[in-house]
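Biologist: Could you take me through this model one feature at a time, giving the criteria behind each term as we go?

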Amino acid sequence: WARFFALQNLLGVTDIYGVDNPHNIAFYARPDDGRVMVLQNDWGFAYLASATASIYGKNNIYRILQLPGYRRLYQGHLLDLLGSVYNSTYLTRWARHFSDVTGMYQTGVPGYANARGAAVRSQLAAQIPFTITSNGGSNFLVNTPTVTLVGRAWINVHSIGLAGTTNLLPVTWLDDVRWQAAVPLAAGDNPIQLVAYD
């Protein structure tokens, strides 16, 4: 849901749930597990919101997306979309293609995306470095088969693993910036180097 509303927000869709009207949204309850999926419905009024509009809309979904943890997830999706598919470099080719195919003028979309992207980036959480804060980042002793490390990370960190392995650690986000993860240990010294993945 966070990624869906991130894309909807970047596209500047109006006349949609979460922005102006509580309609034009579809839901699908998966029969195998009962989880409800949100689906795009009637995004015809795209690129109409102000390029400088808030990243948070008016309706209840944005109250949820502003809660600690969800805010981090939502802003992480905004950042990821800006770096992958919602930028003028990526969109220019598609805007030209759809303009040619449909006869509808779409070449202004990359300019809107640049302006919207700059406004969205200015509303994201301040960037912080990835750090381990347990014991102030200094060495310490434990007599257990695992150690729970705590640290801080920005919204671009999606997962954390041990350097030199392909194993990702089970990470719990304590709030928008603080994470904790249980790291397996062996007998003796355990130099621990973590890798943060976006």
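Biologist: How many bridges join strand S4 to strand S7?
Modeller: This is a predicted model, in which local features need pLDDT of at least 70 and side-chain atom pairs count only at pLDDT 80 or more, while totals for chains, interfaces and linings use all residues. Residues are numbered from 1 along each chain as its sequence is written, and side-chain values use heavy atoms, with hydrogens and water left out. Helices (H or I, at least four residues) and strands (E, at least two) are DSSP runs numbered from the N terminus, and two strands pair if DSSP finds at least two bridges between them. Strand S4, residues 146-152, runs antiparallel to strand S7, residues 178-184, and the bridges joining them number seven.

Biologist: Which residue in S7 stands opposite threonine 148?
Modeller: The two strands S4 and S7 run antiparallel. Across from threonine 148, the residue in S7 is alanine 182.

Biologist: Which strands stand at the edges of the sheet?
Modeller: The sheet is open and has four strands with antiparallel pairing, in the order S3-S4-S7-S6. An edge strand has a single partner strand, so one side of it is left without a neighbour in the sheet, and this applies to S3 (131-132) and S6 (171-173).

Biologist: Which residues does leucine 78 contact beyond its neighbours within four places in sequence?
Modeller: Contact means heavy atoms within 4.5 Å. With those sequence neighbours left aside, the partners of leucine 78 are Ala6, Leu10, Ile55, Val120 and Leu124.

Biologist: Is histidine 77 buried or exposed?
Modeller: Histidine 77 is found in helix H3, and it touches Ala2, Arg3 and Ala6 when residues up to four places away in sequence are not counted. Its relative accessible area is 19%, so histidine 77 is classed as buried.

Biologist: Against which elements do the buried residues of H1 pack?
Modeller: Seven of the nine residues of H1 are buried, so this helix is largely enclosed by the rest of the structure. The buried residues are Ala2, Phe4, Phe5, Ala6, Gln8, Asn9 and Leu10, and they pack against S2, H2, H3 and H5.

Biologist: Where does tyrosine 47 lie, and is it buried or partly exposed?
Modeller: Tyrosine 47 has a positive phi of about 65° although it is not a glycine. The residue lies in the loop between strand S2 (36-39) and H2, and at 29% relative accessibility tyrosine 47 counts as partly exposed.

Biologist: What is the relative accessible area of asparagine 135?
Modeller: Asparagine 135 is found in the loop between S3 and S4, and it has a positive phi of about 50° although it is not a glycine. Asparagine 135 is partly exposed, with a relative accessible area of 47%.

Conventions. Buried < 20%, exposed > 50% of the residue type's maximum accessible area, 1.4 Å probe, protein only.
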